[in-house]
Amino acid sequence: MKSLLLLLIRGYQKFISPLFPPSCRYYPTCSNYTFTAIQMHGVLKGTLMGVSRILRCQPFIHGGYDPVPKKFSLKRSTKRKHVE
């Protein structure tokens with residue numbers, strides 16, 4: 001299951017994402033964040049973290065640096081660093 005999800009994310013990054021202009025508010029991108037979260041925390045927790053990150057991505061948010069935390073959390077990382 002884990003391998004399949006990671007393969008689907010890589011497929012999205014390679015074939016679907018390039019069709020759209022870059023519009024990420026966060027670094028790393030939501031797909032990279034989800035990929036790393038699944039690798040670090042497993043399928044269930046990693047997917048929840050990725051979905052939470054995507055839901056946080058909206059026009060009224062500042063964005064910036066938001067790495068995957070070492071401990072499971074659905075909140076934004078406290079290590080903020082603005083990236084332009």
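Phe 20 counts as exposed because its relative accessibility is 55%, where exposed means over 50% relative accessible area, buried under 20% and partly exposed in between, with a 1.4 Å probe and protein chains only. The model is predicted, so local features need pLDDT of at least 70 and side-chain atom pairs count only at pLDDT 80 or more, while totals for chains, interfaces and linings use all residues. Residues are numbered from 1 along each chain as its sequence is written, and side-chain values use heavy atoms, with hydrogens and water left out.

The chain holds three helices and two strands, which are DSSP runs numbered from the N terminus (H or I of at least four residues for helices, E of at least two for strands). Followed along the sequence, these elements give the pattern α-β-α-α-β, and of the 84 residues in the chain, 32% are buried.

Phe 20 sits in the loop between α1 (2-16) and β1 (26-27).

As a general rule, most peptide bonds are trans.

The cysteines come next, and the count of disulfides (pairs of cysteine sulfur atoms within 2.5 Å) is zero. Cys 24 has its closest cysteine sulfur in Cys 30, at 6.3 Å, which is too far for a bond; the sulfur of Cys 30 in turn has its closest cysteine sulfur in Cys 57, at 4.7 Å, again too far for a bond. Cys 24 counts as exposed because its relative accessibility is 52%, whereas Cys 30, with a relative accessible area of 19%, is buried.

The largest pocket contains about 460 Å³ of space. Of the 20 residues in its lining, those closest to the centre are Tyr 12, Ser 17, Cys 24, Cys 30 and Ser 31. Helices α1, α2 and α3 (43-56) each supply at least two lining residues, and α3 gives the most, with four. A pocket here is an open set of points on a 1 Å grid over the protein atoms alone, with protein on both sides within 12 Å along at least five of seven lines, and lining residues have an atom within 4 Å of a point.

Helix α3 also takes part in the two salt bridges of the structure, each defined by a side-chain nitrogen of Lys or Arg within 4 Å of a carboxyl oxygen of Asp or Glu. The side chains of Arg 53 and Asp 66 meet at 3.7 Å, N to O, and this pair links distant parts of the chain, 13 residues apart, since Arg 53 belongs to α3 and Asp 66 to the segment after β2 (64-65). Arg 56 and Asp 66 meet at 2.8 Å, N to O; because Arg 56 lies in α3 and Asp 66 in the segment after β2, this pair ties together parts that are 10 residues apart in sequence. Arg 53 and Asp 66 are both buried, Arg 56 is buried as well, and Arg 53, Arg 56 and Asp 66 are linked in a network of salt bridges.

How values were computed. On a 1 Å grid over the protein atoms alone, a cavity is a set of points where a 1.4 Å probe fits but cannot get out, and a pocket is an open set with protein on both sides within 12 Å along at least five of seven lines; lining residues have an atom within 4 Å of a point. Grid points are joined across faces, edges and corners, and a volume is the space filled by probe spheres set on the points.
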